[in-house]
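Here is a short briefing for a reader who is meeting this structure for the first time, grouped by topic.

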Amino acid sequence: MDEREGRLDDLERELTLLSRHFLGARGARSGHVLERSAYVLLTRMETSDPLTLKELAHTFQVDVSTISRQVNAMLRNGLVERIPDPDGGIARRLRPTALGIERLHADRAISLEGTARLVEATGWEPATTHRFLTLLTQLNQGIEHLEDLSRPGA
């Protein structure tokens, strides 16, 4: 294994561990109101223009039928609403309701407590945490560019 392959092997292992630690340290969704899929969808939708089912499916790289099932559950629970396309298109667009945003923020507060525990466990100075955030943001943006998954509304 050459140096590049070794670095990639190390990076893959660390990202796998990060995902496990991050999800585990935030707790077993104890106290959370939203289903995990609703949390992820609302997090994306919170900062974007209203999206169609097709746009959501593309963004999350899943079938429209998968997104449709998740969104239908969110519609039944009053977390999102369908609105006409402001540009006059045929497809209806989806946006979070006030209730959806309220529940998202409540669940996020719980998640932030777990995230704070993770950061505190590192013993990092704020500048190190900021540097990590910058690098992680660049990684996510690079992945989204590579996969043609530009952030809606960005």
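By class, the lining of the second largest pocket has 6 nonpolar, 3 polar and 2 charged residues, where Ala, Val, Leu, Ile, Met, Phe, Trp, Tyr, Cys and Pro count as nonpolar, Asp, Glu, Lys and Arg as charged, and the others, Gly among them, as polar. This is a predicted model, in which local features need pLDDT of at least 70 and side-chain atom pairs count only at pLDDT 80 or more, while totals for chains, interfaces and linings use all residues. Residues are numbered from 1 along each chain as its sequence is written, and side-chain values use heavy atoms, with hydrogens and water left out.

**The pocket**
- Among the residues lining the second largest pocket are V33, E35, M74 and R103; on a 1 Å grid over the protein atoms alone, a pocket is an open set of points where a 1.4 Å probe fits, with protein on both sides within 12 Å along at least five of seven lines, and lining residues have an atom within 4 Å of a point.
- α4 gives the most to this lining, with 3 residues, helices being DSSP runs (H or I, at least four residues) numbered from the N terminus.

**Two helices in contact**
- The axes of α2 and α3, lines fitted to C-alpha atoms over the stretch in contact, with angles from 0 to 180 degrees between N-to-C directions, cross at roughly 110° and come within 12 Å.
- α2 and α3 are therefore roughly perpendicular to each other, a term for angles of 65 to 115 degrees.
- V40, L41, R44 and M45 of α2 meet L56, T59 and F60 of α3 in this contact, meaning heavy atoms within 4.5 Å.

**After α6**
- D148, which follows α6, has a positive phi, near 55°.

How values were computed: Helices (H or I, at least four residues) and strands (E, at least two) are DSSP runs, numbered from the N terminus. Angles under 35 degrees count as roughly parallel, over 145 as roughly antiparallel, 65 to 115 as roughly perpendicular and the rest as oblique.
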